[in-house]
2 protein chains.
Amino acid sequence: MRGLAREIVGIGRNSARLEAAREAGIIDRAAGAGETTLGPRDLAVVCTPVDRIVQDVRSLAEGAEEDATITDVGSVKGRICSEIAGDPTAAGLFVGSHPIAGSEQRGWEHATPTLFRDRVCVVTPTEGASRERVARLERFWQGLGMRVACLSPEEHDRALALTSHLPHAAAAALASLVSEREFEFVGTGFRDTTRIAMGDDEIWTPIFLENSPHVLAALDAYSESLGRLRAAIAARDEASIEAFLAEGQRRRRAIAARNA
Amino acid sequence: MRGLAREIVGIGRNSARLEAAREAGIIDRAAGAGETTLGPRDLAVVCTPVDRIVQDVRSLAEGAEEDATITDVGSVKGRICSEIAGDPTAAGLFVGSHPIAGSEQRGWEHATPTLFRDRVCVVTPTEGASRERVARLERFWQGLGMRVACLSPEEHDRALALTSHLPHAAAAALASLVSEREFEFVGTGFRDTTRIAMGDDEIWTPIFLENSPHVLAALDAYSESLGRLRAAIAARDEASIEAFLAEGQRRRRAIAARNA
């Protein structure tokens, strides 16, 4: 409804789901994979799990006009961007994206027009992409209300391991420790802290694998940090416990102030 | 406004704050500590940090009518209940409570009339308390809209270590790992997961110390769980990662279904 596209084509395997999305007005037209080729000013946004993005970008690049643009919304960028950069057909057409917005829900029924508003989209251009194509992609995300940040795929993956992938692991582990007998005794704190654990494990397993070096480093830093807290509690070292909590409080409040 | 009390007296050290609360209509009358004695049907609710509750209950018990009731809202119950049970004056008057509701905010300005609605209050009677007094206290919490669950102080502390104290530690550690450079790249997932880290470290340090045996056990179980995920990622064991995330998802969805 923002006039960013003349026509929105939904491409997917499940034609019944696509047809329902079309009837709901989410897309203008449905197409099976391989049934559509990209015209000169077309923009394709690949929204498949991170372990399928490279092959989907390659298929779209086949037969695409050279002025078309392909991007993705994957939560890990390193391998995807480097593999596509090595593909002579796809390299020039592709610029990676990661709009940092979403929920634990799945399916077009949960689409919301304000999902992207005032959120950050990371764009990770590699050398093959023209400036003009990158600028066009940035305008697209900005048109949806996002602020755009440019990072290298490596910088992106290191940051997101801490800001997104580690929290997901932490939430899943917390949720797993609570047995049915204790369900009654969870408050809003627990619920907020573990909400993302409801997310789709089919989406998250490939994210952990794709970003494994940074995720492992983040898990190690996290263990090390919790180990320090454990030692302080065991030693009844009040000052160290307080300093630990005060540091978390300081950082989290700074984030709240920044994103207010 | 629910007609649960004829008069609400705020007792505290900071008379300016109490006066402001009175002007805002939160309390009917303000009093300094030691200025009020409890009459026959009075109910005193001690809301100080967990390391101060025992002494505050003891002061209130001095000179209280034998039909008065004293409770608290501390997040840890074991030592508090056993120390008070050993005090000849306070034992008969006191029944411990923990209304599982709150926020990371502090001060009467953040009071909300629906805070307790449909939440659980754990009541932890010890042998000294009469049935009638326990029943009266349960009716009080129910009058605020809560469901009441009776647990032993020990059962309470073990459960809350997992459902509340560990999540607080986990959130603080996650928040501490993100540096200012990365603040821009946090999404709603990170924000929800770490929101409770904004809570007051002066409240939380004594909670960790008071409940240290259960908190240490919870931290160990959490480390062990994260260690299994780490091993699965390092071994690129897709099935184990998926099973780990699916288990967190299953439990968290069960909690969401129960508390819907």
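This is a predicted model: local features need pLDDT of at least 70, side-chain atom pairs count only at pLDDT 80 or more; totals for chains, interfaces and linings use all residues.

Modeller: Let us begin with the interface.

Colleague: How many residues does the contact take from chain B and from chain A?

Modeller: Chain B contributes 83 residues to the contact, and chain A contributes 83 residues.

Colleague: What area do chain B and chain A bury between them?

Modeller: The size of an interface is often given as the accessible area lost when the parts come together. Here chain B and chain A bury about 8200 Å² between them, with 66% of it on carbon and sulfur atoms.

Colleague: How many salt bridges and how many polar contacts cross this interface?

Modeller: The rule for salt bridges asks for a side-chain nitrogen of Lys or Arg within 4 Å of a carboxyl oxygen of Asp or Glu. Across the interface of chain B and chain A, 4 salt bridges are found. One of them pairs Asp220(B) with Arg230(A), where the closest N and O atoms are 2.6 Å apart.

Colleague: Which elements of chain B supply the side that touches chain A?

Modeller: Those that each supply at least two residues include β6 (120-124), β7 (147-150) and α5 (153-177) of chain B. The element of chain B that gives the most to this side is α9(B), with 16 residues. By class, the side of chain B that touches chain A has 45 nonpolar, 17 polar and 21 charged residues.

Colleague: How is the sheet of chain B to be read, and which strands stand at its edges?

Modeller: One reads the order of the strands and then their pairing. In chain B, 3 strands form an open sheet in the order β5-β6-β7, with mixed pairing. The strands β5 (96-99) and β7 of chain B stand at the edges, each with a single partner strand, so one side of each is left without a neighbour in the sheet. Neighbouring strands of this sheet are turned by 25° against each other on average, direction ignored. β6(B) and β7(B) run parallel and are joined by 4 bridges; Cys121(B) has Val148(B) in β7(B) as its bridge partner.

Colleague: Which residue caps the N-terminal end of helix α1 of chain A?

Modeller: Asn14(A) caps the N-terminal end of α1 (residues 15-23) of chain A, with a side-chain oxygen 3.2 Å from the backbone nitrogen of Ala16(A). After α1(A) comes Gly25(A), whose phi is positive, near 85°.

Note on methods: Residues are numbered from 1 along each chain as its sequence is written. Chains are lettered from A and ligands numbered from 1 in the order in which they are written. Side-chain values use heavy atoms; hydrogens and water are left out. Contact means heavy atoms within 4.5 Å. Buried area is the accessible area (1.4 Å probe) that two parts lose on being put together, summed over both. Ala, Val, Leu, Ile, Met, Phe, Trp, Tyr, Cys and Pro count as nonpolar, Asp, Glu, Lys and Arg as charged, and the others, Gly among them, as polar. Two strands pair if DSSP finds at least two bridges between them. Axes are lines fitted to C-alpha atoms, for helices over the stretch in contact, and angles run from 0 to 180 degrees between N-to-C directions. A polar contact is a pair of N or O atoms within 3.5 Å; within protein, one must be able to donate a hydrogen and the other to accept it, and residues adjacent in sequence count only if both atoms are side-chain atoms.
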